[in-house]
Amino acid sequence: MDESSLLDLLPLYYSRLFPYIDYYRWLSCGEANTFARREFSFTLRDDIYIRFQSFRKINDFKNEIKRLCPYKIDIGAVYNVEPSNKKREVKFEPIQKEFVIDIDMTDYDEIRVCCSGADICIKCWKYMALAVKILDIALRNDFGFDHILWVFSGRRGVHCWVCDKKARFLTQNCRKGIANYLQLITGGDCTKKKVKIRKMHHSIKRALSIIEPVFIKICIEEQNMLGTKDNVTKFLGIITEDEMRNEVKDVLNKHLTSITKWEAFVSFFKDQIQSGSKKWCKMRYLIEEIMIQYAYPRLDINVTKGLNHLLKSPFCIHPKTGKVCIPINPKLVDQFDPHNVPTIMTLINEINTFDTKEITEQGESTDNLKRIKDYKKTSLNKPYYIFQEFLRSLENSQKGEKIKQSGMVFIQRQLQYLHEF
Amino acid sequence: MDYIPKEKFTVKPEISILKETYPHDVQLYKIPPTGEISLLEFQDYALERQKVLQLLELILTQQHSTLEETKLAFTNLLRKEGYYQYAKLLNAQGSDSNNEDLEARRKDHISHYVLRLAYSLEEDLQNYMLVHETEFFKLRFASMNKEDLSKFLITSGIHYSQISQEFKEQNRENLRASTVFTGDFENMDFYELPFDEVVDLINDRKVYVHRGIAYVPQSEFISVFVTHFRSNLAVELNRAKKFVVTNLSDDRLQHFIKNLPDCFSGMSKVVWSSENTPISKLNDLSKTSYPLCMRIMHEHLKTNHHLKNTGRLQYGLFLKGIGVTLDDSIEFWKSEMTKKEDINEDKFNKQYLYQIQYNYGKVGRRVNYRPPGCTKLVVDPVGPGEIHGCPFKHMDIDELTKKLIEYKISPSDIHEISKYATEGRYNLACTTYFESTHKKYPEKIFFHPNQYFEQSRLILNKNEIKEENTIQDKYAELSPENISQSAKIKVEKNINTSNSTTPSKTIERKVKTIDRKMGKMDSLNIAALLNDDSD
């Protein structure tokens with residue numbers, strides 16, 4: 001997408017399509033005060049970057065966005081004071097923020113062969129689908145979170161926003177704890193074996209039950225995990241003992257394709273365990289560890305840990321691809337194809353086509369056109385619906401809480417009243 | 001070392017009151033100390049605790065595999081350095097108490113509060129205190145015997161309830177698989193707690209957690225208290241900061257408190273080089289005087305013209321520490337990183353310049369960041385594509401060996417280094433690397449990359465100033481003498497100073513000249529001073 005057309009289209013997008021009202025509903029968490037203390041930061045043309053923007057009213061926000069037409073909007077924490085007034089305060093600190101997760105395809109470069117860097121294809125996107133499925137269930141089942149928004153990051157990754165009240169008020173230390181709980185793959189370029197399982201924790205077991213059925217298809221076949229010399233060398237690096245590595249090497253050398261090699265390795269390993277080989281038994285979770293290393297989500301953990309860390313907002317336009325950062329339904333993530341995500345260009349075209357068609361069919365009476373919201377004329381309709389569904393359930397829980405609170409106050413008053421007599 | 005201040009100089013609380021105030025060896029430090037204390041004691045206690053935390057930092061870089069081993073190593077070190085009271089506190093089992101114990105508990109209490117004030121002012125100091133006080137607490141908590149543990153649980157006010165046998169049966173498999181336990185599963189009691197009260201266990205994946213509830217066996221209750229202790233301290237540090245900024249009016253104390261962390265565990269001189277290092281020398285220095293972690297990063301930067309964010313942070317701050325000026329630093333990074341095809345000067349200025357200036361405290365929050373020590377390098381995670389952190393921990397042994405062969409380390413040394421690295425004794429591995437490259441032992445075990453650099457320069461420059469860099473002398477800077485002087489308290493001349501009253505080993509010599517009576521005259525009301533409720 002070239003920059004000049006982006007420049008032309010952004011004003012249209014921000015005035016006709018950006019979902020201001022729902023966006024405000026989401027980020028205010030039921031309180032105007034919360035929205036006003038929320039940090040936004042904008043990246044403008046020529047990489048000009050401005051932080052600590054905040055807006056008291058939805059219209060202030062709307063007008064500023066329309067005026068600046070930012071290439072990128074980032075969302076930060078809710079602070080104790082309005083971020084735009086922070087200079088006047090001695091103490092300026094984040095109070096709450098959604099628990100967020102950032103997964104970027106570049107972190108998969110060492111295990112994917114189909115693409116590298118910023119590129120993605122339908123094959124490596126499967127990693128993302130796996131990640132969404134594994135993390136979504138962990139957040140729900142283990143931590144009891146219900147209001148989880150998954151968003152396509154515009155090019156090659158996904159973002160996750162956990163918006164439950166409890167999640168928003170987690171301490172930094174606790175965020176770090178959950179992040180480490182979810183992070184199974186650790187170690188940099190100098191660590192070949194990146195997964196060490198000491199105990200088969202229920203969360204690991206569950207993740208494996210999601211990975212296992214698709215492991216051979218995705219990793220062994222499509223990513224050709226053992227198909228080339230380089231890949232085999234990489235794979236052998238996971239086995240840290242020289243002697244054992246050589247044994248496996250011999251086994252693999254007898255076979256030609258990725259899949260036969262894998263099968264041979266698995267049956268070799270199982271034989272070793274069954275025969276009670278001591279050195280192999282020390283690594284009894286080796287197969288599981290390999291599956292995790294090749295298929296488990298790779299989180300950018302620093303984003304999750306920091307309370308004041310910023311994350312790109314949903315409904316931004318990615319300046320390089322022109323794609324909209326749209327919400328993803330985690331239940332249907334397998335059907336999500338990043339190539340079908342609408343770009344700003346297609347959206348504007350869709351509106352125009354719709355309008356022209358309406359006009360030719362209905363004549364010049366534009367009443368109907370005005371009545372229909374612009375996004376409904378486009379392929380954003382579905383993603384918006386996902387967002388609105390998410391909001392509905394979030395707001396219901398917020399209402400429930402308010403009722404509970406006011407109920408408590410009411411009972412307390414009653415008690416007090418009784419007391420006084 | 002067991003210093004008990006002389007009666008006539010200090011205001012000493014009654015034993016009976018002490019008994020009431022300090023029923024336990026372990027405390028959560030929820031109530032500030034009350035009573036009066038001499039200025040001297042105030043300073044002594046703080047310096048001593050600071051030193052204790054520093055020793056703990058050293059122990060933590062060794063990464064012992066069990067809590068018990070860590071505790072043993074720490075106890076031995078404390079004894080070796082003469083901190084018998086702390087060694088005793090560390091291993092104290094509970095509530096039995098003689099007078100000496102009570103005295104130690106009081107000291108523990110007061111010194112903790114003084115450090116709270118002193119370490120509240122900057123974020124990295126706060127973090128230092130959080131990490132190390134929490135660790136200290138954890139070790140001490142583990143020493144408690146069962147009886148005292150239950151007493152402690154009752155008084156703590158933390159709520160938890162036991163799960164039913166039925167629930168245990170239903171979730172048997174998950175509980176067994178996800179709980180770390182020793183002993184008999186059948187007889188184990190589990191308690192329900194919100195997951196955010198056992199962050200430690202979550203962090204290490206050591207507990208069964210379902211829909212936000214963690215099922216914690218009693219043996220892991222320590223985690224509940226550690227989490228509690230930590231979050232409480234985090235809140236209190238911020239309150240302490242407010243107090244120091246707005247309410248602390250006593251000049252002497254202000255000076256002391258603001259300067260105490262500057263001899264940050266006695267390290268400020270180690271971390272900040274007194275000399276400028278020109279960037280033209282970095283290549284050579286990386287081979288002769290860099291610790292392995294920094295050498296690898298330097299090399300990576302030189303060959304790949306890129307380092308990921310955390311790597312830039314760690315190496316950038318290291319450079320700042322060894323005396324590379326901001327301008328030089330910018331030039332150095334720019335010249336390296338723009339060698340990469342897709343980065344031109346304009347892009348560099350936009351993407352990376354800010355962080356360098358930020359590290360030097362020139363933009364953003366304007367904090368003068370300290371280079372991180374070994375603990376941080378060892379503990380911080382390393383992700384795909386990254387090469388920062390402690391090589392002895394984060395590199396596979398064969399990768400490490402390859403690197404060392406490349407650096408022409410002798411085979412026997414390589415063997416020793418990799419042995420230490422596998423055992424998790426990273427600072428010994430680092431020391432051996434130093435020995436191998438310098439043909440000389442370092443004076444101290446390393447706990448900071450910049451300390452390594454400093455020691456190396458010291459040897460290579462054949463500089464005679466050696467003794468001056470021992471930690472003891474760094475304390476001297478902050479001895480009560482200097483502080484009182486700078487606070488312009490008149491010290492009368494020709495005062496009869498008795499050598500017999502030594503407040504603590506470390507500052508013994510320097511204190512000789514101080515008027516001991518001053519302590520009495522200026523005794524402070526600790527309650528007023530430390531009760532940070534006053535806002």
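Predicted model: local features only at pLDDT ≥ 70, side-chain atom pairs only at ≥ 80, totals over all residues.
Residues are numbered from 1 along each chain as its sequence is written, chains are lettered from A and ligands numbered from 1 in the order in which they are written, and side-chain values use heavy atoms, with hydrogens and water left out.

Let me start with the interface. The size of an interface is often given as the accessible area lost when the parts come together. Here chain A and chain B bury about 3400 Å² between them, with 52% of it on carbon and sulfur atoms; buried area is the accessible area (1.4 Å probe) that two parts lose on being put together, summed over both. On the chain A side, Cys190(A), Lys199(A) and His202(A) lose the most area to chain B, and together they account for 17% of what that side buries. In terms of contact (heavy atoms within 4.5 Å), 43 residues from chain A and 37 residues from chain B take part.

How many salt bridges are there between chain A and chain B? The count is five, where a salt bridge is a side-chain nitrogen of Lys or Arg within 4 Å of a carboxyl oxygen of Asp or Glu. In one salt bridge, Arg211(B) meets Asp146(A), and their closest N and O atoms are 3.0 Å apart.

Now to the sheet. Chain A has an open sheet of four strands in the order β5-β7-β6-β9, with antiparallel pairing; strands here are DSSP runs (E, at least two residues) and helices are DSSP runs too (H or I, at least four), numbered from the N terminus, and two strands pair if DSSP finds at least two bridges between them. Its edge strands are β5 (99-104) and β9 (327-328) of chain A, each of which pairs on one side only. Strand β6 (residues 148-152) of chain A is joined to β9(A) by two bridges, and Val151(A) stands opposite Pro327(A) in β9(A).

Finally, let me turn to chain B and to salt bridges within a chain. A search of the whole structure finds 52 salt bridges over all chains. Arg49(B) and Asp108(B) form one of them, with the closest N and O atoms 2.7 Å apart, and this pair links distant parts of the chain, since Arg49(B) is in helix α2 (residues 39-61) of chain B and Asp108(B) is in helix α5 of chain B, 59 residues apart. Are these two residues buried or exposed? Arg49(B) is buried because its relative accessibility is 0%, and Asp108(B) is also buried at 0%; buried means under 20% relative accessible area, exposed over 50%, and partly exposed in between (1.4 Å probe, protein chains only).

Helix α5 (residues 99-118) of chain B also holds Arg116(B), which is buried with a relative accessible area of 1%.

By comparison, Glu68(B) and Lys71(B) form a salt bridge at 3.9 Å between the closest N and O atoms, and both lie in helix α3 (residues 67-80) of chain B, three residues apart, about one turn of the helix. Glu68(B) is partly exposed at 48% relative accessibility, whereas Lys71(B) is buried at 7%.
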